[in-house]
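Visitor: I would like to learn how to read a model like this one. Please take me through it feature by feature.

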Amino acid sequence: MRGWVSPRLAALGVLAALIVLLPLTFPSAYYYRVAALVFIFGLAAVGLNLLMGYAGQVSLGHAGFLGIGGYAVAIGPTHLGVPGWASLLGGAVISGLVAIIVGRPILRLKGHYLAVATLGFGLLIAIVLTNEAGWTGGPDGMSVPRLQIHDWRIRSSEAWYAISGATFVLGAMLAYNLIDSPTGRAIRALHDSEIASGVLGVDVARAKLVIFVISAIYASVAGSYLALLNGHITPDIAGFLRSIELAAMVVLGGMGSVIGALVGAAILVVLPQTLTWLHDYEHMVLGLILMGFMIFLRQGIVPSLVEALAGRRP
Amino acid sequence: MAEFLQFFFSGLTVGAVYALVALGFTLIYNASDVINFAQGEFVMLGGMSTVFLAVAGVPLPLAALLAVIATIVVGLLLYHLGIRPAREASAVALIMITIGASIFLRGAAQVLFDKRFHSLPHLFGSEPIRIGGAAILPQSFVVLAGAAVVVVLLWQFVDRTLLGKAVLATAANRLAARLVGIDTRRIVALSFAVSAAIGAIAGVLITPITLTSYDVGTLLALKGFAAAMLGGIGSTLGAVVGGLVLGMLEAFSAGYLSSKYKDAVAFLVILGMLFAMPHGLLGRGRIERV
Amino acid sequence: MSKTMTAFAAAAFGLAALIQGEQPVAAQTKIGSVLSVTGPASFLGDPEKKTLEIYVDEINAKGGVNGQKLQLVIYDDGGDANNARTFATRLVEEDKVVAIVGGTTTGSTLAMMPVFEDAQIPFISLAGAIQIIDPVRKWTFKTPHTDRMACEKIFGDLKRRQLTSIALISGTDAFGKSMRDQCVAVAPKLGISIVHQETYGPRDSDMTPQLTNIRNKAGVQAVVNPGFGQGPAIVTRNYRQLGITLPLYQSHGVASKQFIELAGPAAEGVRLPAAALLVADKLPDSDPQKKVVVDYARTYTAKTGQAVSTFGGHAYDGLMILVQAMQRAKSADKAKVRDEIEKTRGYIGTGGIVNMSPTDHMGLDLSAFRMLEIRNGDWTLVPES
């Protein structure tokens, strides 16, 4: 069986099939919405996974890029007359530029210092989004005009399920390609040891920056999708708690696993929906579940499951 | 001049709060390399427990003492149930565990306590002290004194006692410490207990100024963490300096620049300082083995 | 490879199975609610939740509405508009509610509104900003006074005291910002000039720098503080700490006895616009609202052990307006109920007397606000001559 179909391609094939078949089990539009949210956050998580899982750089402020992408599709049509899809691209470009400008100095920091610097960056973006009410509508947020492609106004959860699902598969494919490319190998090398890879001729600073920019663009697109799906956006899309949520998705699902990012996103989006019956005790249970996963499946869910299944074979 | 002094006092007040929180971060990090995001919840538990015990009729000093003890127990539980079982986990996974713990503790606080704001009486009355045209609350000095006492006690502990030396050794190199016979697990448990105590005491001291509620922990942890990193994680004095600097940045930005952007300015300056001094103000560079 | 696939497929189907956990329910009238029970607005959402639960139980104990019991479905959005949106979709698609009383914050209300408008379900919001009902949308109503009304009430009192130039210090949270914006918009029309503005973060613990700047600004005759939660209490304390003696006005966001406890002696002399609910016992017996507010205050305090808050009162009003509309419509048909809500006339609630119309989906006027002053640690009514 090995050899004639690449394992990753197979995984993507299963995913695509799942995306097509899963709706057969959906009783209502609510499920489409939840699934669309899973793919949207999954997309952002894949990007963050490239940064945290493969390149080993901690980012606690990544929701800032979600915010840039989200507000781009809000501000573009409303204040600048730029159509939705162009604003989406514009948002991605702006995120990339911000990542380049901010990335160079920030990525020189290591470990917890990098964490606090990215934290500060995320907070700065959230503060600007909250305060510049003339552009952003302030803390109450602003409404986002629906995406319009010719005559088709995209607003149903079903449509966004298809769009975000397809985009996720595309994003996962690109991520796999990147990981297997020379840049990807350089990045994995620097995760293991920056000094060794530097000695081997890897341009460490450039590799880190490239990954930072790519992860920023992933998050920006995800943020734009979220804003367009909701038709409304508020500054807490870029907030500290949102950044922590993204990082948790990556760590929970498995650092260094693209499918793991989706699993992490699925858990953190779906779990609060299933725990609503706990009412006041919901947060306690959520916290315990997070801790439990990290203690017992400390490499993340997908790598741990893979290991467990592999362990069973002789 | 009176204006400048008032901003300075404000910075001192807020900075002392951050300093106490930052000290808790530094202590645990030193002994175990763990960044404990539940540190903010220790502060919250100290304040809220004292309030609720006092309302139930327990005299205030006893309520505070019980609150601190309860928080120490929580800290030890966090170590034994959360951190110790996950020994081989990566740094990020450990951070996630403490974040999960903070979510759990916040959720528990909502159920045990309530969702409103509470205060505690000032230790020396709420009449402000007027110096040079500016007014500062006596409680601000109490908080500062608290931070100073903690730093001095920690320093003496590390300098004079055998247990303290063991903590120092664990901080320097855990493997070597184990090899010379130090039970590093007990040392790390001790650091969690002491951090919890510092957090709880901080909670009791700052509540008269900042008020308390079930979710004060989040923002305090954020700023305490930033302050600890600014001062150089690993340095006790750095935590205090970092806290005070952050407080000053906020106060002076609010006063002289723009109150809307005071947090932004403070973080920008922190970022700038980190770029210039990648190990924080007083942190020691770590030597990385290749 | 095949292991990853199996692992992943197992996880995916496991999750899908988790969501499919809904049970069918017996014939009850379902009312939905999305409230910020946790998070930064829990101070508002918690009394709202408690109020709805207490009164749905009471209504059911008396036989329900139109012969059917009410079933209340409450979701907690945690103060996050995205979550609110998801729960709104859930209420409409999964729980199939007939009406919603909820939306603690303006952000969550604005995020949910399109869902309810599209699904054509009556929605009574519990949030404060004026843009919820201006422009009027067919299915959306609200019970709390708008922040513009609060500004108008405060400015009216200022003019009576012949104070015309003021400073604003507001929280950067949604409540504070929205009210600040309204005050700035309304001030020139009422002859008030705002000569200085400062802001503070809702979780800040010291506002002396901002207040120092206000104190040093020449020509300030009074200070207004739009905000809610702990911020106003700290502002009030800092105010006295700095020895500022100018009149201080708070907003209806602090409307609970707790503010007086937290601000302590510094609260003496502070004025604010608030619903009659806060001074229930001090109202003259001839006041039309007296019976309703005294009953609500007593019930709420007895059942929860906490002091009454106007936010819970807004939830009470929302529920009662909905229930009375359902009774008048003699059915739970969404369109008929909506029409009856719009025809609400002379409803005496905790917030005031409500008279809705096709162009007014809130129904309160300035008389619904009372101007209160804090004296000797308690609320007193300011006579409006």
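Guide: Start with the elements. Helices (H or I, at least four residues) and strands (E, at least two) are DSSP runs, numbered from the N terminus. This is a predicted model, in which local features need pLDDT of at least 70, side-chain atom pairs count only at pLDDT 80 or more, and totals for chains, interfaces and linings use all residues. Residues are numbered from 1 along each chain as its sequence is written, while chains are lettered from A and ligands numbered from 1 in the order in which they are written.

Visitor: How many helices and strands are there in chain B?

Guide: Chain B has 11 helices and two strands. Read from the N terminus on, the order is α-α-α-α-β-β-α-α-α-α-α-α-α.

Visitor: What does the radius of gyration say about chain B?

Guide: The radius is taken over C-alpha atoms, and the globule rule is 2.2 Å times the number of residues to the power 0.38. For the 290 residues of chain B the rule gives 19 Å; the chain has 19 Å, so it is as compact as a globular protein of that length. The C-alpha trace of chain B spans about 60 × 50 × 35 Å along its principal axes.

Visitor: What is the mean pLDDT of chain B?

Guide: pLDDT is the predictor's confidence in each residue, from 0 to 100. The mean for chain B is 88, and 98% of its residues reach 70 or more.

Visitor: How many residues of helix 1 of chain B are buried?

Guide: Count C-beta atoms, placed from the backbone. A residue is buried if 20 or more others lie within 10 Å of its own, exposed if 12 or fewer, and partly exposed in between. In helix 1 of chain B, 27 of the 31 residues are buried, so the helix is largely enclosed by the rest of the structure. Across chain B, 60% of the 290 residues count as buried.

Visitor: How far does helix 1 of chain B reach?

Guide: The expected span of a helix is 1.5 Å times one less than its number of residues. Helix 1 of chain B (residues 2-32) reaches 45 Å from its first C-alpha to its last, close to the 45 Å expected. Just after this helix comes D33(B), with a positive phi of about 65°.

Visitor: Where is D33(B) placed?

Guide: D33(B) is in the loop between helix 1 and helix 2 of chain B. It is not a glycine, yet its phi is positive. With 16 other C-beta atoms within 10 Å, D33(B) is partly exposed.

Visitor: Which residue of chain C has a positive phi although it is not a glycine?

Guide: One is N376(C), at about 55°. It lies in the loop between strand 13 (370-375) and strand 14 (378-381) of chain C. N376(C) counts as exposed, with 7 C-beta neighbours inside 10 Å.

Visitor: Which peptide bond is cis?

Guide: Look at the bond from D134(C) to P135(C), which is cis with omega near 10°. P135(C) is in the loop between strand 4 (123-125) and strand 5 (140-142) of chain C.

Visitor: What are the domains of chain C?

Guide: Domain bounds come from an automatic or database domain assignment. For chain C it gives domain 1 (29-145 + 294-364) and domain 2 (148-274). Their centres, taken over C-alpha atoms, are 29 Å apart.

Visitor: How many residues of chain A are in contact with chain B?

Guide: Two residues are in contact if their C-beta atoms, placed from the backbone, lie within 7 Å. By that test, 34 residues of chain A are in contact with 37 residues of chain B. Helix 5 of chain A gives the most to the chain A side, with 10 residues.

Visitor: Which classes make up that side of chain A?

Guide: Ala, Val, Leu, Ile, Met, Phe, Trp, Tyr, Cys and Pro count as nonpolar, Asp, Glu, Lys and Arg as charged, and the others, Gly among them, as polar. The side of chain A that touches chain B has 25 nonpolar, six polar and three charged residues.

Visitor: How many residues do chain A and chain C give to their contact?

Guide: Chain A gives 42 residues and chain C gives 37. By class, the chain A side has 24 nonpolar, 15 polar and three charged residues.
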